[in-house]
Amino acid sequence: MNYAQLAFTDNIKKIQEEAGSRNSYDRMEKMSVVDGLTDNEINFIDDRDSFYMASFGENEYPYIQHRGGPAGFIKVIDNKTIGIVDFSGNRQYISTGNISKNEKVALIMVSYPQRARLKIYAKAKIVELKDNEALYNSLKPEDYKFRPERMMVFEIQAYDWNCPQHITPRYSTEEIEEALLPQKKYISDLENKVKELELKLLEK
């Protein structure tokens with residue numbers, strides 16, 4: 001897997017030359033060969049509750065779709081393959097139709113609190129529920145209400161990490177509540193101490 005080698009076409013290299021960044025990206029191409037996902041990427045993917053997917057349509061336009069679910073709904077099958085259960089949504093089936101004609105997709109996964117972005121080139125495959133029950137059992141999220149329609153399996157061709165510039169940190173309700181737990185405990189302890197002192201004053 002070499003993201004730079006796959007991403008940097010001749011035209012892109014020409015623009016890099018003109019912008020003065022080609023030398024550094026040439027070194028990147030020669031040094032960025034990896035053999036699948038590492039523990040760093042696997043742990044990052046395991047924590048995600050959403051991602052964006054770009055597919056390519058017969059109308060010659062790319063189509064970008066948000067996919068969401070509970071944290072961990074994106075399953076790492078092995079270090080070169082990830083998959084999801086495709087939940088029922090608005091039933092337009094644009095991504096599904098695009099993939100049926102062109103398997104090549106691009107994914108981007110973001111952690112706003114960590115200001116981290118993982119971008120992935122992959123070949124997508126639609127798997128019907130009836131065709132692989134074992135796969136469905138390994139991909140379905142637990143304790144989450146959903147209606148499955150099919151599965152999507154992504155064979156990773158290359159991936160890369162974006163720089164954290166221009167990512168505004170954002171936090172989910174759960175993340176905020178977790179961050180505030182020490183403060184809430186501190187306030188609760190103070191309130192209890194105040195009550196104890198008030199009782200002692202009343203006893204005098």
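I placed Glu175 in helix H7, residues 173–203 (helices, H or I, of at least four residues and strands, E, of at least two are DSSP runs numbered from the N terminus). The model is predicted, so I kept to pLDDT of at least 70 for local features and to 80 or more for side-chain atom pairs, while totals for chains, interfaces and linings use all residues. Residues are numbered from 1 along each chain as its sequence is written, and side-chain values use heavy atoms, with hydrogens and water left out.

I noted Glu175 as partly exposed because its relative accessibility is 34% (buried is under 20% relative accessible area, exposed over 50%, partly exposed in between, with a 1.4 Å probe and protein chains only).

Next I turned to the aromatic rings, where the count comes to nine pairs (rings of Phe, Tyr and Trp, the last by its six-membered ring, pair if their centres lie within 6.5 Å; planes under 30 degrees apart are stacked, over 60 edge-to-face, the rest tilted). Phe87 and Tyr144 are tilted, since their ring centres are 5.6 Å apart and their planes at 50°. This pair links distant parts of the chain, 57 residues apart, with Phe87 in strand E4 (residues 81–87) and Tyr144 in the loop between helix H6 (133–139) and strand E7 (148–162). I recorded Phe87 as buried at 16% relative accessibility, whereas Tyr144 is partly exposed at 34%.

Phe87 also forms a tilted pair with Phe146, 4.9 Å centre to centre and 45° between the planes. Phe146 is partly exposed at 24% relative accessibility. Finally, I found Phe87, Tyr144 and Phe146 in one aromatic cluster that also includes Phe51, Phe73 and Phe154.
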